[in-house]
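Morning, everyone. Please have the sequence and the model side by side.

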Amino acid sequence: MKFNGVEETLFIPLAARVLISKNYPNYFLDTKSLELENLEQVKSINKKTNEYLTFASVARYYVFDKIIKNFINKNKDVNIVSLGVGLETMNYRIKDNRNKFYSIDFDKVIDLRLEILGKKENETLMKSDILDMRWTEKIDKNKATLFVVAGVFQYLKEEQILKLITELKEKFKNSEMIFDATNSFGIKRAINYVKKTGSKNAMMYFYVNNEEKFANLANVKLLGVYNFFSETRKSLKKNLKLSTKISMLVSDKMKMTKILHIKL
């Protein structure tokens with residue numbers, strides 16, 4: 001199966017979850033990803049990466065998982081919708097069988113996901129461009145819904161993201177969204193990393209320098225902004241390389257990488 005552009009990046013976060021789960025299981029353990037550590041793509045990427053860049057991918061999931069669990073506990077009966085799901089294994093980590101998980105991505109990405117990961121009983125896979133709103137017709141809009149967007153918006157343009165948020169807001173009255181973003185400096189580093197790992201045709205466009213300004217532009221309520229590495233630095237400060245600690249601290253201080261939590 002051949003992939004081009006953005007689709008080439010599918011294995012980057014998977015490779016990071018494998019490496020961190022092996023080396024720091026007390027911090028982050030993804031047993032489903034570990035099952036795939038011998039994939040050639042995973043081994044190839046992990047030969048080219050470094051500790052900071054690997055954590056930059058996984059720290060995002062560390063924060064996301066906490067927000068998702070809190071959302072489920074607060075609302076009980078919910079939809080968790082992954083936009084541009086790729087090879088994400090969140091629904092295996094969350095270990096919640098009461099609620100419905102929806103995973104949306106392009107046709108051949110979903111085919112690859114089925115081939116590599118299989119399908120969980122409480123997961124609905126949808127083959128669709130996330131910008132094509134027809135996928136929303138299959139989701140119960142009476143339930144509280146959390147949209148999870150991990151490593152996706154960077155590849156879209158701001159006007160596309162604003163349109164998507166507006167349309168979701170109109171359709172899902174009780175909904176929230178979490179997504180990761182970089183600032184304008186961070187997006188340059190992200191592009192270089194993606195090229196380094198072999199995905200030379202994946203272009204990135206979207207960044208957020210001012211979270212409040214973006215929330216106002218999108219006409220949504222900003223529920224929270226989280227640094228990638230705050231908790232990671234606290235829990236692993238004795239185990240990290242000095243260069244990694246410095247890079248994490250600089251990233252947090254400069255808000256190079258962050259997670260936005262919004263109410264639609």
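Phenylalanine 229 is buried, at a relative accessible area of 0%. Buried means under 20% relative accessible area, exposed means over 50%, and partly exposed is in between, using a 1.4 Å probe and protein chains only. Phenylalanine 228 also counts as buried, at 5% relative accessibility.

A word on the source: this is a predicted model, where local features need pLDDT of at least 70, side-chain atom pairs count only at pLDDT 80 or more, and totals for chains, interfaces and linings use all residues. Residues are numbered from 1 along each chain as its sequence is written, and side-chain values use heavy atoms, with hydrogens and water left out.

Now the rings. The structure holds 12 aromatic pairs. Rings of Phe, Tyr and Trp (its six-membered ring) pair if their centres lie within 6.5 Å; planes under 30 degrees apart are stacked, over 60 edge-to-face, and the rest tilted. One of these pairs joins phenylalanine 179 and phenylalanine 214, edge-to-face, with 5.9 Å between centres and 70° between planes. Phenylalanine 179 sits in strand S5 (residues 175-182) and phenylalanine 214 in helix H9 (residues 211-218), so this pair ties together parts that are 35 residues apart in sequence. Helices (H or I, at least four residues) and strands (E, at least two) are DSSP runs, numbered from the N terminus. Phenylalanine 179 is buried at 0% relative accessibility. Phenylalanine 214 is buried too, at 4%. Back to phenylalanine 228 and phenylalanine 229: their ring centres are 5.9 Å apart and their planes stand at 70°, so that pair is edge-to-face. Ring pairs also link Tyr24, Tyr27, Phe55 and Tyr62 into a cluster.

Next, charges. How many salt bridges are there? The count is 20. A salt bridge here is a side-chain nitrogen of Lys or Arg within 4 Å of a carboxyl oxygen of Asp or Glu.

Take glutamate 88 and arginine 17, which meet at 3.5 Å, N to O. Glutamate 88 is in the loop between strand S1 (78-83) and helix H5 (90-94), and arginine 17 is in helix H1 (residues 11-23), so the pair ties together parts 71 residues apart in sequence. Both residues are buried.

Next, glutamate 176 and lysine 74, at 3.2 Å, N to O. Glutamate 176 lies in strand S5 and lysine 74 in helix H4 (residues 51-75), so this bridge ties parts 102 residues apart in sequence. Buried or exposed? Glutamate 176 is buried, at 6% relative accessibility. Lysine 74 is exposed, at 56%.

Then lysine 258 and glutamate 211, at 2.9 Å, N to O. Lysine 258 is in strand S7 (residues 257-263) and glutamate 211 in helix H9, so parts 47 residues apart in sequence are tied together. Lysine 258 and glutamate 211 are both buried. Salt bridges with shared partners also join Arg17, Asp30, Asp65, Glu88 and Arg93 into one network.

Last, the whole chain. It has 11 helices and seven strands. Its radius of gyration (taken over C-alpha atoms) is 17 Å, close to the 18 Å that the globule rule (2.2 Å times the number of residues to the power 0.38) gives for 264 residues, so the chain is as compact as a globular protein of that length. Of the 264 residues, 56% count as buried. The C-alpha atoms fill a box of roughly 50 × 40 × 35 Å, taken along the principal axes.
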